[in-house]
Amino acid sequence: MTQGLEGVTTAILGLAMDAASLRQQAIAANIANANTAGYVPQGVSFEAQLEDARRGLRTQGKIDPFAIAGVKLQMQAMQSVSGQMNPIQLDTEVAALSQNTMQYQVLAKGLNKHFAILESAFSDGKR
Amino acid sequence: MSIDSIASIANVSMMDPALGPAAAAQQGGFSQMVAKGLDEVNQKLLSTQTDLQKLAVGDVQNLHQVMINLEEARMSFQLLMQVRNRVLEAYQDVMKMSV
Amino acid sequence: MDYTHTFAISAAGMSVERARVDVAALNLANAQTVQSTDGKNFQPLQVIARSADQGSFNQLISQGMQGASEFTRDLPVASVEVSGASPRQVYEPGHPFANAQGFVSYPGVDPAREMVSLMTAMRSYEANVAAMNAARTMALKALDIGG
(Lines give C-alpha, C1' and ligand atoms only; values in the text may rest on other atoms or scores of the structure.)
Protein backbone atom coordinates (compact mmCIF):
# COMPACT_ATOMS: atom_id res chain seq x y z
CA MET A 1 0.00 0.00 0.00
CA THR A 2 2.93 2.30 0.47
CA GLN A 3 4.21 2.00 -3.09
CA GLY A 4 2.26 5.03 -4.12
CA LEU A 5 3.97 7.18 -1.51
CA GLU A 6 7.12 8.35 -3.21
CA GLY A 7 7.65 4.92 -4.71
CA VAL A 8 10.17 6.21 -7.22
CA THR A 9 12.54 7.44 -4.55
CA THR A 10 12.33 4.22 -2.60
CA ALA A 11 12.81 2.18 -5.75
CA ILE A 12 15.83 4.08 -7.00
CA LEU A 13 17.44 4.11 -3.58
CA GLY A 14 16.91 0.37 -3.24
CA LEU A 15 18.36 -0.20 -6.70
CA ALA A 16 21.39 1.92 -5.89
CA MET A 17 21.96 -0.08 -2.71
CA ASP A 18 21.76 -3.31 -4.71
CA ALA A 19 24.35 -1.92 -7.08
CA ALA A 20 26.59 -0.88 -4.21
CA SER A 21 26.51 -4.30 -2.57
CA LEU A 22 27.20 -6.03 -5.89
CA ARG A 23 30.06 -3.63 -6.49
CA GLN A 24 31.42 -4.50 -3.05
CA GLN A 25 31.59 -8.14 -4.07
CA ALA A 26 33.31 -7.26 -7.34
CA ILE A 27 35.94 -5.13 -5.63
CA ALA A 28 36.55 -7.78 -2.97
CA ALA A 29 37.08 -10.34 -5.74
CA ASN A 30 39.49 -7.97 -7.49
CA ILE A 31 41.50 -7.45 -4.32
CA ALA A 32 41.62 -11.15 -3.54
CA ASN A 33 42.80 -11.94 -7.06
CA ALA A 34 45.26 -9.10 -7.36
CA ASN A 35 48.17 -11.42 -8.08
CA THR A 36 46.35 -14.11 -10.03
CA ALA A 37 47.57 -14.47 -13.59
CA GLY A 38 44.93 -14.09 -16.25
CA TYR A 39 42.31 -12.65 -13.91
CA VAL A 40 39.89 -10.20 -15.47
CA PRO A 41 38.98 -7.28 -13.18
CA GLN A 42 35.25 -7.10 -12.49
CA GLY A 43 33.05 -4.09 -12.05
CA VAL A 44 29.42 -3.04 -11.98
CA SER A 45 28.24 -0.40 -14.38
CA PHE A 46 25.24 1.12 -12.64
CA GLU A 47 25.55 4.88 -13.06
CA ALA A 48 26.35 4.52 -16.74
CA GLN A 49 22.96 2.93 -17.41
CA LEU A 50 21.15 5.79 -15.74
CA GLU A 51 21.97 8.54 -18.19
CA ASP A 52 18.28 8.97 -19.07
CA ALA A 53 17.32 9.25 -15.45
CA ARG A 54 20.03 11.82 -14.85
CA ARG A 55 18.84 13.89 -17.78
CA GLY A 56 15.29 13.70 -16.48
CA LEU A 57 16.47 14.86 -13.08
CA ARG A 58 18.29 17.82 -14.53
CA THR A 59 15.45 18.99 -16.73
CA GLN A 60 12.33 18.12 -14.80
CA GLY A 61 13.46 17.53 -11.28
CA LYS A 62 12.25 13.98 -11.01
CA ILE A 63 12.95 10.59 -12.46
CA ASP A 64 10.70 8.91 -14.92
CA PRO A 65 9.99 5.38 -13.60
CA PHE A 66 10.61 3.87 -17.03
CA ALA A 67 14.14 5.17 -17.01
CA ILE A 68 15.04 2.89 -14.13
CA ALA A 69 13.01 -0.10 -15.25
CA GLY A 70 15.61 -1.31 -17.70
CA VAL A 71 18.66 -1.16 -15.44
CA LYS A 72 20.47 -4.48 -15.24
CA LEU A 73 22.85 -5.16 -12.39
CA GLN A 74 25.61 -7.63 -13.11
CA MET A 75 29.33 -7.95 -12.73
CA GLN A 76 31.15 -7.22 -15.94
CA ALA A 77 34.74 -7.17 -17.03
CA MET A 78 36.17 -3.72 -16.63
CA GLN A 79 37.79 -2.24 -19.68
CA SER A 80 39.55 1.01 -20.20
CA VAL A 81 38.51 3.41 -22.95
CA SER A 82 40.80 1.73 -25.45
CA GLY A 83 39.24 -1.67 -24.81
CA GLN A 84 42.18 -3.17 -22.97
CA MET A 85 42.10 -4.83 -19.58
CA ASN A 86 43.75 -2.66 -16.97
CA PRO A 87 45.96 -4.49 -14.49
CA ILE A 88 44.67 -4.40 -10.93
CA GLN A 89 46.17 -1.64 -8.84
CA LEU A 90 45.71 -2.50 -5.24
CA ASP A 91 45.50 1.00 -3.85
CA THR A 92 42.93 2.03 -6.44
CA GLU A 93 40.81 -0.96 -5.53
CA VAL A 94 41.02 -0.24 -1.82
CA ALA A 95 40.09 3.39 -2.46
CA ALA A 96 37.14 2.21 -4.52
CA LEU A 97 36.14 -0.12 -1.70
CA SER A 98 36.20 2.77 0.74
CA GLN A 99 34.17 4.97 -1.55
CA ASN A 100 31.63 2.23 -2.17
CA THR A 101 31.17 1.68 1.54
CA MET A 102 30.56 5.38 1.99
CA GLN A 103 28.06 5.41 -0.85
CA TYR A 104 26.17 2.55 0.78
CA GLN A 105 26.04 4.34 4.10
CA VAL A 106 24.86 7.55 2.47
CA LEU A 107 22.08 5.68 0.68
CA ALA A 108 21.04 3.86 3.84
CA LYS A 109 20.91 7.10 5.78
CA GLY A 110 18.94 8.82 3.05
CA LEU A 111 16.41 5.98 2.93
CA ASN A 112 16.14 6.10 6.69
CA LYS A 113 15.33 9.80 6.74
CA HIS A 114 12.90 9.40 3.86
CA PHE A 115 10.97 6.74 5.77
CA ALA A 116 11.15 8.78 8.95
CA ILE A 117 9.37 11.68 7.27
CA LEU A 118 6.63 9.40 5.97
CA GLU A 119 6.31 7.72 9.33
CA SER A 120 5.83 10.97 11.13
CA ALA A 121 2.96 11.64 8.76
CA PHE A 122 1.34 8.30 9.54
CA SER A 123 1.69 8.62 13.28
CA ASP A 124 0.12 12.07 13.38
CA GLY A 125 3.25 13.54 14.85
CA LYS A 126 2.87 11.53 18.03
CA ARG A 127 5.56 9.05 19.09
CA MET B 1 2.90 13.26 -0.32
CA SER B 2 -0.77 13.83 0.15
CA ILE B 3 -1.34 16.63 2.55
CA ASP B 4 -4.31 18.13 0.74
CA SER B 5 -6.62 16.85 3.44
CA ILE B 6 -5.17 19.35 5.87
CA ALA B 7 -6.35 22.19 3.66
CA SER B 8 -9.83 21.57 5.05
CA ILE B 9 -8.87 23.45 8.20
CA ALA B 10 -8.16 26.53 6.16
CA ASN B 11 -11.09 28.41 7.63
CA VAL B 12 -9.88 27.94 11.17
CA SER B 13 -7.59 30.75 12.30
CA MET B 14 -4.09 29.50 12.85
CA MET B 15 -1.10 30.95 14.67
CA ASP B 16 1.80 30.52 12.31
CA PRO B 17 4.80 31.66 14.38
CA ALA B 18 6.86 32.73 11.38
CA LEU B 19 4.17 35.10 10.17
CA GLY B 20 2.75 36.03 13.58
CA PRO B 21 3.35 39.79 13.70
CA ALA B 22 2.33 40.35 10.10
CA ALA B 23 -0.72 38.15 10.38
CA ALA B 24 -2.01 39.88 13.47
CA ALA B 25 -2.15 43.08 11.49
CA GLN B 26 -4.49 41.81 8.80
CA GLN B 27 -7.50 39.68 9.54
CA GLY B 28 -8.49 38.40 6.13
CA GLY B 29 -5.48 36.47 4.90
CA PHE B 30 -5.46 33.40 7.12
CA SER B 31 -6.45 30.89 4.51
CA GLN B 32 -3.83 32.24 2.16
CA MET B 33 -1.31 32.04 4.96
CA VAL B 34 -2.13 28.43 5.64
CA ALA B 35 -2.02 27.57 1.98
CA LYS B 36 1.32 29.31 1.62
CA GLY B 37 2.76 27.48 4.60
CA LEU B 38 1.53 24.16 3.26
CA ASP B 39 2.97 24.93 -0.13
CA GLU B 40 6.36 25.81 1.30
CA VAL B 41 6.58 22.59 3.29
CA ASN B 42 5.47 20.64 0.25
CA GLN B 43 8.13 22.28 -1.91
CA LYS B 44 10.79 21.49 0.67
CA LEU B 45 9.74 17.86 0.79
CA LEU B 46 9.67 17.58 -2.99
CA SER B 47 13.13 19.06 -3.27
CA THR B 48 14.45 16.54 -0.74
CA GLN B 49 12.99 13.77 -2.86
CA THR B 50 14.85 15.14 -5.86
CA ASP B 51 18.05 15.34 -3.83
CA LEU B 52 17.69 11.74 -2.68
CA GLN B 53 17.15 10.60 -6.23
CA LYS B 54 20.24 12.50 -7.32
CA LEU B 55 22.21 10.78 -4.57
CA ALA B 56 21.07 7.38 -5.76
CA VAL B 57 21.83 8.08 -9.39
CA GLY B 58 25.30 9.34 -8.55
CA ASP B 59 24.89 13.06 -9.18
CA VAL B 60 26.18 14.12 -5.77
CA GLN B 61 26.99 17.78 -5.51
CA ASN B 62 27.12 18.53 -1.85
CA LEU B 63 26.50 15.86 0.71
CA HIS B 64 26.16 18.07 3.77
CA GLN B 65 23.78 20.40 1.97
CA VAL B 66 21.58 17.44 1.10
CA MET B 67 21.57 16.28 4.71
CA ILE B 68 20.80 19.77 5.98
CA ASN B 69 17.91 20.11 3.55
CA LEU B 70 16.56 16.71 4.58
CA GLU B 71 16.64 17.66 8.23
CA GLU B 72 15.06 21.04 7.59
CA ALA B 73 12.27 19.43 5.61
CA ARG B 74 11.66 16.89 8.33
CA MET B 75 11.55 19.56 11.02
CA SER B 76 9.20 21.83 9.09
CA PHE B 77 6.95 18.88 8.44
CA GLN B 78 6.88 18.01 12.12
CA LEU B 79 6.14 21.63 12.96
CA LEU B 80 3.26 21.53 10.52
CA MET B 81 1.91 18.41 12.18
CA GLN B 82 2.10 19.93 15.63
CA VAL B 83 0.41 23.10 14.44
CA ARG B 84 -2.34 21.00 12.91
CA ASN B 85 -2.76 19.10 16.17
CA ARG B 86 -3.07 22.27 18.20
CA VAL B 87 -5.54 23.77 15.79
CA LEU B 88 -7.66 20.62 15.92
CA GLU B 89 -7.60 20.69 19.69
CA ALA B 90 -8.68 24.30 19.69
CA TYR B 91 -11.47 23.49 17.26
CA GLN B 92 -12.66 20.61 19.41
CA ASP B 93 -12.56 22.88 22.47
CA VAL B 94 -14.76 25.34 20.69
CA MET B 95 -17.18 22.64 19.55
CA LYS B 96 -17.44 21.30 23.08
CA MET B 97 -18.81 24.58 24.29
CA SER B 98 -22.53 24.32 24.88
CA VAL B 99 -24.34 27.11 23.18
CA MET C 1 32.69 19.42 -4.10
CA ASP C 2 31.44 15.91 -3.61
CA TYR C 3 33.16 13.09 -1.89
CA THR C 4 33.63 11.00 -5.02
CA HIS C 5 36.13 13.53 -6.35
CA THR C 6 38.01 13.37 -3.07
CA PHE C 7 38.66 9.67 -3.44
CA ALA C 8 39.77 10.07 -7.04
CA ILE C 9 42.23 12.78 -6.08
CA SER C 10 43.83 10.76 -3.32
CA ALA C 11 43.90 7.67 -5.53
CA ALA C 12 45.79 9.59 -8.22
CA GLY C 13 48.33 10.78 -5.68
CA MET C 14 48.79 7.26 -4.36
CA SER C 15 49.35 5.91 -7.88
CA VAL C 16 52.12 8.44 -8.45
CA GLU C 17 53.86 7.46 -5.23
CA ARG C 18 53.57 3.79 -6.06
CA ALA C 19 55.16 4.47 -9.43
CA ARG C 20 58.01 6.21 -7.63
CA VAL C 21 58.55 3.25 -5.36
CA ASP C 22 58.48 0.83 -8.26
CA VAL C 23 60.99 2.85 -10.24
CA ALA C 24 63.32 3.27 -7.25
CA ALA C 25 63.18 -0.46 -6.53
CA LEU C 26 63.90 -1.25 -10.17
CA ASN C 27 66.87 1.10 -10.25
CA LEU C 28 68.28 -0.36 -7.05
CA ALA C 29 67.82 -3.93 -8.29
CA ASN C 30 69.64 -3.16 -11.52
CA ALA C 31 72.40 -1.06 -9.98
CA GLN C 32 75.02 -3.73 -10.43
CA THR C 33 74.05 -5.06 -13.84
CA VAL C 34 76.76 -4.67 -16.35
CA GLN C 35 76.19 -2.65 -19.49
CA SER C 36 77.64 -4.05 -22.63
CA THR C 37 80.05 -1.90 -24.62
CA ASP C 38 77.31 -0.18 -26.61
CA GLY C 39 75.52 0.75 -23.39
CA LYS C 40 72.18 -0.73 -24.34
CA ASN C 41 71.20 -2.85 -21.36
CA PHE C 42 69.67 -1.03 -18.44
CA GLN C 43 69.03 2.70 -18.41
CA PRO C 44 68.23 4.21 -15.03
CA LEU C 45 64.64 5.46 -14.90
CA GLN C 46 62.99 8.35 -13.16
CA VAL C 47 59.40 9.38 -12.51
CA ILE C 48 58.14 12.70 -13.82
CA ALA C 49 54.85 13.68 -12.21
CA ARG C 50 52.83 16.32 -14.00
CA SER C 51 49.36 17.77 -13.62
CA ALA C 52 46.95 16.04 -15.92
CA ASP C 53 46.51 17.57 -19.34
CA GLN C 54 43.37 19.69 -19.30
CA GLY C 55 42.19 18.87 -22.75
CA SER C 56 43.03 15.21 -22.62
CA PHE C 57 40.31 13.14 -24.20
CA ASN C 58 40.73 10.25 -21.83
CA GLN C 59 40.20 12.55 -18.88
CA LEU C 60 36.96 13.88 -20.33
CA ILE C 61 35.68 10.40 -20.99
CA SER C 62 36.46 9.25 -17.49
CA GLN C 63 34.71 12.25 -15.98
CA GLY C 64 31.62 11.62 -18.04
CA MET C 65 31.61 15.01 -19.77
CA GLN C 66 29.72 16.65 -16.96
CA GLY C 67 30.40 17.68 -13.42
CA ALA C 68 34.08 18.08 -14.24
CA SER C 69 35.16 20.48 -11.57
CA GLU C 70 38.40 22.35 -11.75
CA PHE C 71 39.88 20.05 -9.13
CA THR C 72 40.02 17.03 -11.38
CA ARG C 73 42.06 18.87 -13.98
CA ASP C 74 44.98 19.13 -11.62
CA LEU C 75 45.32 15.45 -10.84
CA PRO C 76 48.95 14.28 -10.92
CA VAL C 77 49.94 11.83 -13.59
CA ALA C 78 53.26 10.04 -13.42
CA SER C 79 55.30 9.16 -16.45
CA VAL C 80 58.38 6.98 -16.29
CA GLU C 81 61.27 8.20 -18.40
CA VAL C 82 64.91 7.46 -18.86
CA SER C 83 66.93 9.62 -16.56
CA GLY C 84 69.90 9.89 -18.83
CA ALA C 85 72.47 9.52 -16.07
CA SER C 86 75.85 8.72 -17.50
CA PRO C 87 77.13 5.23 -16.69
CA ARG C 88 79.81 4.86 -14.09
CA GLN C 89 83.03 3.24 -15.11
CA VAL C 90 84.75 0.71 -12.89
CA TYR C 91 88.25 -0.50 -13.57
CA GLU C 92 88.09 -4.31 -13.92
CA PRO C 93 90.61 -5.43 -16.52
CA GLY C 94 89.79 -9.18 -16.32
CA HIS C 95 86.06 -8.72 -16.80
CA PRO C 96 84.57 -10.29 -19.97
CA PHE C 97 82.74 -7.04 -20.76
CA ALA C 98 85.70 -4.71 -20.13
CA ASN C 99 86.43 -2.29 -22.92
CA ALA C 100 89.85 -1.62 -24.41
CA GLN C 101 90.97 0.45 -21.41
CA GLY C 102 89.80 -2.21 -18.92
CA PHE C 103 86.74 -0.29 -17.72
CA VAL C 104 83.35 -1.91 -17.19
CA SER C 105 80.36 0.42 -17.32
CA TYR C 106 77.51 0.08 -14.85
CA PRO C 107 74.23 2.06 -14.86
CA GLY C 108 74.52 5.46 -13.25
CA VAL C 109 72.29 4.64 -10.29
CA ASP C 110 72.99 6.57 -7.12
CA PRO C 111 71.83 4.34 -4.23
CA ALA C 112 71.57 7.21 -1.79
CA ARG C 113 69.31 9.15 -4.10
CA GLU C 114 67.13 6.10 -4.70
CA MET C 115 66.80 5.43 -0.96
CA VAL C 116 65.82 9.02 -0.34
CA SER C 117 63.20 8.91 -3.06
CA LEU C 118 61.89 5.63 -1.60
CA MET C 119 61.46 7.21 1.80
CA THR C 120 59.85 10.38 0.50
CA ALA C 121 57.51 8.31 -1.65
CA MET C 122 56.49 6.29 1.38
CA ARG C 123 55.78 9.41 3.44
CA SER C 124 53.82 10.99 0.63
CA TYR C 125 51.81 7.81 0.29
CA GLU C 126 50.99 7.89 3.97
CA ALA C 127 50.02 11.53 3.66
CA ASN C 128 47.67 10.70 0.79
CA VAL C 129 46.10 7.93 2.81
CA ALA C 130 45.65 10.32 5.74
CA ALA C 131 43.96 12.82 3.42
CA MET C 132 41.60 10.18 2.12
CA ASN C 133 40.74 9.02 5.61
CA ALA C 134 40.09 12.58 6.70
CA ALA C 135 37.75 13.15 3.75
CA ARG C 136 35.91 9.93 4.49
CA THR C 137 35.50 10.78 8.17
CA MET C 138 34.15 14.19 7.27
CA ALA C 139 31.60 12.76 4.89
CA LEU C 140 30.50 10.21 7.49
CA LYS C 141 30.09 13.01 10.01
CA ALA C 142 27.99 14.90 7.49
CA LEU C 143 25.67 11.90 7.49
CA ASP C 144 25.11 12.45 11.19
CA ILE C 145 23.49 15.83 10.62
CA GLY C 146 20.10 15.76 12.25
CA GLY C 147 20.92 12.86 14.53
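Let's start on chain A, at helix H2. The face of H2(A) turned away from its buried side carries two exposed residues, A:Thr59 and A:Gln60. Keep in mind that this is a predicted model.

Now turn to the buried side. Helix H2 of chain A spans residues 51–60, and its buried residues are A:Ala53, A:Arg54 and A:Leu57. Look down the axis of H2(A): those buried residues fall within an arc of 100°, so they line one face of the helix. There is a general point behind this. An α-helix has 3.6 residues a turn, so residues three or four places apart point the same way.

Chain A puts in 23 residues, and chain B puts in 21. On the chain A side, three helices each supply at least two residues: H1, residues 7–32, then H2, then H4, residues 90–122. Which of them gives the largest share? That is H4(A), with eight residues. By class, the side of chain A that touches chain B has 11 nonpolar, six polar and six charged residues.

Chain B itself. Three helices, zero strands. From the N terminus, the order is α-α-α. Chain B has 99 residues, and 20% of them count as buried. Take the contacts in chain B with a separation of 6 or more: residues 24 or more positions apart account for 58% of them.

How confident is the prediction here? The mean pLDDT of chain B is 78, and 72% of its residues reach 70 or more. Within chain B, confidence is lowest in H1(B), residues 20–25, at a mean of 49. It is highest in H3(B), residues 63–96, at 91. Over residues 10–21 of chain B, the pLDDT is below 50. Beyond near neighbours in sequence, that stretch has 16 contacts in the model.

H4(A) and H3(C) pack at an angle of about 5°, and their axes are 10 Å apart. That makes H4(A) roughly parallel to H3(C). From H4(A), the contact uses A:Ala95, A:Ser98, A:Met102, A:Gln105, A:Val106 and A:Lys109. From H3(C), it uses C:Met132, C:Arg136, C:Ala139, C:Leu140 and C:Leu143. The class count for this helix contact is seven nonpolar, two polar and two charged.

Last pair: H3(B) with H3(C). Their axes come within 9 Å and cross at roughly 10°. H3(B) and H3(C) are therefore roughly parallel to each other. Which residues of H3(B) meet H3(C)? They are B:Leu63, B:His64 and B:Met67, and they meet C:Ala139, C:Ala142 and C:Leu143.

Key. Residues are numbered from 1 along each chain as its sequence is written. Chains are lettered from A and ligands numbered from 1 in the order in which they are written. This is a predicted model: local features need pLDDT of at least 70, side-chain atom pairs count only at pLDDT 80 or more; totals for chains, interfaces and linings use all residues. Helices (H or I, at least four residues) and strands (E, at least two) are DSSP runs, numbered from the N terminus. A residue is buried if 20 or more other C-beta atoms lie within 10 Å of its own, exposed if 12 or fewer, and partly exposed in between; C-beta atoms are placed from the backbone. Two residues are in contact if their C-beta atoms, placed from the backbone, lie within 7 Å. The arc is that of the directions from the helix axis to the C-beta atoms. pLDDT is the predictor's confidence in each residue, from 0 to 100. Ala, Val, Leu, Ile, Met, Phe, Trp, Tyr, Cys and Pro count as nonpolar, Asp, Glu, Lys and Arg as charged, and the others, Gly among them, as polar. Axes are lines fitted to C-alpha atoms, for helices over the stretch in contact, and angles run from 0 to 180 degrees between N-to-C directions. Angles under 35 degrees count as roughly parallel, over 145 as roughly antiparallel, 65 to 115 as roughly perpendicular and the rest as oblique.
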